[in-house]
Amino acid sequence: MTQSASTPAASPVGVFVTPVTPLQQNCTTVWCTATMKAAVIDPGGSVDIVLAEVARRGLTLDQIWITHGHLDHAGGAAEMAEKSGVPIIGPHPDDQFWIDDLEVHGQRWGLPEARTFTPARWLAEGDELTLGETRWAVHHCPGHTPGHVVFFNAAARFAQVGDVLFKGSVGRTDFPRSDADALIRSVVDKLWPLGDDVTFVPGHGSISTFGEERRSNPFVSDAAVRAAPALRSASGPA
C-alpha cells in the first residue's frame, strides 16, 4: 500500500510513501516533477512493491538514498540497487558498523533477504544531492545513530528525517552509539532553523510539520527545551 504526501501546488517535488517491514517503516519515494527522475529513500523491504509503484507512476528511478543503517531502513537497499542498477547514496560513514551487520540483524528479526552494501557515496553535513532539476541539502543529525542524515528540499519546503523526529516523539537512543543529548541538539540546531513551514515524513508514523513539533512535541518543543535542556530519554517507535 502506498500513500501520497501533501506538497504545495506546483511543487517541484512529488512524494509517495510505502510502509515496509513489520515496523511499518516509511519508505519514501521523491521525484523531480519536471524530469520524473526519482529517488527511493530507505528501502527497508518490499522492494518489488516499491519498484512497481515507481514504474506505475511513470517515474525513472535514479538513486537510492539512505538516512541511516538500521535494518528497517537499509535492509532492501542492496536488492533494489541490484534490480535497478542505480547507486546507493548515504548515510554518513559513522553508520558503517550498522550496515556491516545488516545480514546478521536480518536473520535475527525475520528479514533474511537483507544484505550489506557499500554506498557509491557517503554523505556529510553540507553535502548536496541533485535529482533531476531539484537540489537537496544533506544534514548530518546524529543521536539515534551516529551516522544519521536528513534530506531537505528548500523549494518544496519538504524533508525526509528518518528516525530523528516523529510526530509527537523522537528516535530511540538505547542503541549502540546512540546519544540522547546529540539527538536533541540535532533537532534543535539542524532542523528547526529550516523553518516552521517545512513538512516532513518521519521514519515511522504520520507526517507533520516542524512548526507543529516545535509547539507540541514533548521532547523537542520550544517549551520542553527551555524547561529541560539536559539529557532525556527518547521513546520513538524505532
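1. Basis of the description. The model is predicted, so local features are reported only at pLDDT of at least 70 and side-chain atom pairs only at pLDDT 80 or more, whereas totals for chains, interfaces and linings use all residues. Residues are numbered from 1 along each chain as its sequence is written, and side-chain values use heavy atoms, with hydrogens and water left out.

2. Secondary structure and overall dimensions. The chain contains 8 helices and 14 strands; these are DSSP runs numbered from the N terminus, with helices being H or I of at least four residues and strands E of at least two. Its C-alpha atoms fill a box of roughly 50 × 45 × 30 Å along the principal axes.

3. Burial, contacts and surface. Of the 238 residues, 56% are buried (buried means under 20% relative accessible area, exposed over 50%, and partly exposed in between, with a 1.4 Å probe and protein chains only). Among contacts between residues at least 6 apart in sequence, 60% join residues at least 24 apart, a contact being heavy atoms within 4.5 Å. The accessible surface is about 9400 Å², and carbon and sulfur atoms account for 53% of that area. Accessible areas come from the Shrake-Rupley method with a 1.4 Å probe; for residues, only the protein chains shown count as cover.

4. T28. This residue belongs to strand β3 (residues 25-32) and is buried, with a relative accessible area of 0%. Leaving aside residues up to four places away in sequence, T28 touches V15, F16, V17, A39, V40, I41, Q160 and V201. T28 and W65 are 37 residues apart in sequence, with their C-alpha atoms 9.6 Å apart.

5. Backbone points to inspect. Two residues other than glycine have positive phi: D42, near 60°, and R157, at about 55°. D42 lies in the loop between β4 (37-41) and α1 (47-56) and counts as buried at 0% relative accessibility. R157 is in the loop between β9 and β10 and is partly exposed, with a relative accessible area of 24%. Separately, the peptide bond from G90 to P91 is cis, with omega near 0°; P91 is in the loop between β6 (88-89) and α4.

6. D101. This residue is found in the loop between α4 (96-100) and α5 (102-108). D101 is partly exposed, with a relative accessible area of 34%. The C-alpha atoms of D101 and H70 are 9.1 Å apart, while the two residues are 31 residues apart along the chain.
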